[in-house]
Amino acid sequence: MKKKRIFAFLLMSILLLSCCGCSATSSGLSMLNRKKITELTHKGETYWANYQEKQEIGEATNVVEYQKPLSYVLQYPKTGHAAVDARIEGIVTEIRNAFDQEYTPADGPTGETKRSQKTEATLYLGYEAYLTDNDHMSLVFFETHETGNTVSPHTRIQIFHFDLSEDTELIAEDLMWTDFAKNASVYSQKYFTTTEPYNKSIFGNYKTLLAPDAGRFDRFAFTTEGVLFYFDRYDLFPGSFGIVSLTIPYEDMQTKIEEPEEKAAAPTQTSSKKMVALTYDDGPNPVATNAILDTLEKYNAKATFFDLGYLVEKYPDVVKREAALGCEVGSHSYDHKNFNKMTSAEIAADIQKTAAIFQKVLGKEPTVFRPPYGACDENVKKLIPMPIYLWSVDTLDWKSRDAKAVMDVIKSSGDLDGKVILMHGIYGSTAEATAELVPYLQKQGYELVTVSELIQAKHGETPQNSKIYGYSYFR
Ligand code: ZN
């Protein structure tokens with residue numbers, strides 16, 4: 001209380017002084033700033049200390065800015081890799097802008113999370129940075145907002161991946177190998193239900209919360225010890241647990257873990273024919289996609305394309321050809337943003353915008369959806385007016401950029417009946433792999449069908465809107 005009054009007094013004297021417009025004004029202001037900045041710096045140092053031990057790479061850059069009503073106490077790394085550093089600065093700017101927007105009075109009725117009046121708030125940003133043997137850097141940002149009227153500040157985690165030797169950013173979706181989410185699901189369920197103090201407090205519906213396709217395993221860091229996952233406050237445990245992290249050793253993420261076999265329900269009318277669905281994301285691309293379509297046409301095979309709205313607009317002829325060959329053309333959002341990080345209004349706008357482009361190009365709106373990064377939490381799920389298709393075999397084609405490596409993944413994946421294979425329709429190497437893959441699969445007796453056809457034929461199910469079809473479904 002007392003502090004507030006002193007603060008108000010200082011502020012008033014500055015306002016009064018400023019009427020004179022003389023040098024005393026600036027000296028009064030800078031005195032206040034200095035005091036406030038020192039206070040914020042102390043707080044920042046305490047906050048950053050939480051993460052210091054886990055900053056394996058990069059020099060920490062500290063920023064402390066006091067700007068009424070919004071202040072910034074930020075720490076982020078500089079790695080010495082130009083493109084990576086530029087991207088990191090871009091991320092920090094994005095976080096800052098989002099914070100500014102959140103605490104700036106809304107001018108319309110849409111801003112449900114925005115404040116109705118000016119709030120004083122401080123953004124604290126700290127980070128952990130992990131480095132693995134193969135120059136992979138995982139950057140974990142912890143973001144806390146402190147406001148005058150909030151007692152417990154909320155913390156948000158965002159994770160970014162970089163290949164330092166290539167000086168590029170990587171996307172999490174592409175780093176997840178076959179059974180990644182499935183193995184993480186099995187391990188985490190076992191760990192949290194058998195380890196104190198977690199086993200006594202875990203929420204009763206943990207099986208659903210930790211299901212492979214529940215969207216909790218796409219946020220991770222690679223460390224020298226294993227894959228590090230973070231669970232938000234209230235994700236699995238009461239709030240007093242705060243953020244919970246769990247490192248799963250690589251061998252447990254890679255080898256198949258015994259899973260208690262739950263007896264499958266009696267099969268409805270399903271096809272005994274061997275079927276597999278090829279899927280291609282992130283296109284269309286006039287060169288690679290057309291080469292893929294050449295192969296599909298030659299062998300009279302079908303696939304599913306999850307196209308980006310802005311590319312559909314740019315290359316309408318390629319998309320029309322996909323549809324003309326009987327392929328399923330689904331939406332992969334307008335421009336590959338992470339839906340888990342968007343507001344309901346932003347998601348609705350993205351879906352609408354993309355649907356309008358499909359309507360213009362194909363004469364109908366998309367009827368199936370694959371979320372960018374496979375990111376689709378419980379809230380997002382409800383907002384998608386289409387069936388949501390993930391995959392069950394990841395070829396890692398984006399990573400190897402090598403047709404033979406893609407074929408090797410396929411050949412080592414065992415029985416592919418009922419599986420959905422993830423590829424990206426934008427690489428020459430993937431087109432090359434397709435030319436070999438399609439006749440290979442047909443020779444093995446597989447029929448190449450769309451994802452919707454596969455669900456209908458193999459599960460006797462009509463795909464439902466807002467339902468996720470993922471690893472556990474296409475097993
Ligand atoms: Zn994608």
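Asp282 belongs to the loop between β10 (275-281) and α9 (288-299), and His336 to the loop between β12 (328-331) and α12 (344-362), so the pair ties together parts that are 54 residues apart in sequence. Asp282 is buried at a relative accessible area of 11%, and His336 is buried at 12%; here buried means under 20% relative accessible area, exposed over 50%, and partly exposed in between (1.4 Å probe, protein chains only).

The model is predicted, and local features need pLDDT of at least 70, side-chain atom pairs count only at pLDDT 80 or more, and totals for chains, interfaces and linings use all residues. Residues are numbered from 1 along each chain as its sequence is written, while side-chain values use heavy atoms, with hydrogens and water left out.

The chain as a whole contains 17 helices and 17 strands, which are DSSP runs numbered from the N terminus (helices H or I, at least four residues; strands E, at least two). Of its 475 residues, 47% are buried. Among contacts with a separation of 6 or more, 68% join residues 24 or more positions apart, a contact being heavy atoms within 4.5 Å.

Beyond its neighbours within four places in sequence, Phe162 is in contact with residues including Val84, Ile88, Ile91, Met137 and Leu139. The C-alpha atoms of Phe162 and Leu139 are separated by 8.0 Å, the two residues being 23 apart along the chain.

Cysteines may be considered next. A search of the whole structure finds zero disulfides, a disulfide being a pair of cysteine sulfur atoms within 2.5 Å. Cys327 is buried at 8% relative accessibility, and Cys376 is buried at 3%.

Finally, the lining of the largest cavity comprises 13 residues, of which Met176, Ala181, Pro212, Gly374 and Leu390 lie nearest its centre. A cavity is a set of points, on a 1 Å grid over the protein atoms alone, where a 1.4 Å probe fits but cannot get out; lining residues have an atom within 4 Å of a point.

Technical notes
On a 1 Å grid over the protein atoms alone, a cavity is a set of points where a 1.4 Å probe fits but cannot get out, and a pocket is an open set with protein on both sides within 12 Å along at least five of seven lines; lining residues have an atom within 4 Å of a point.
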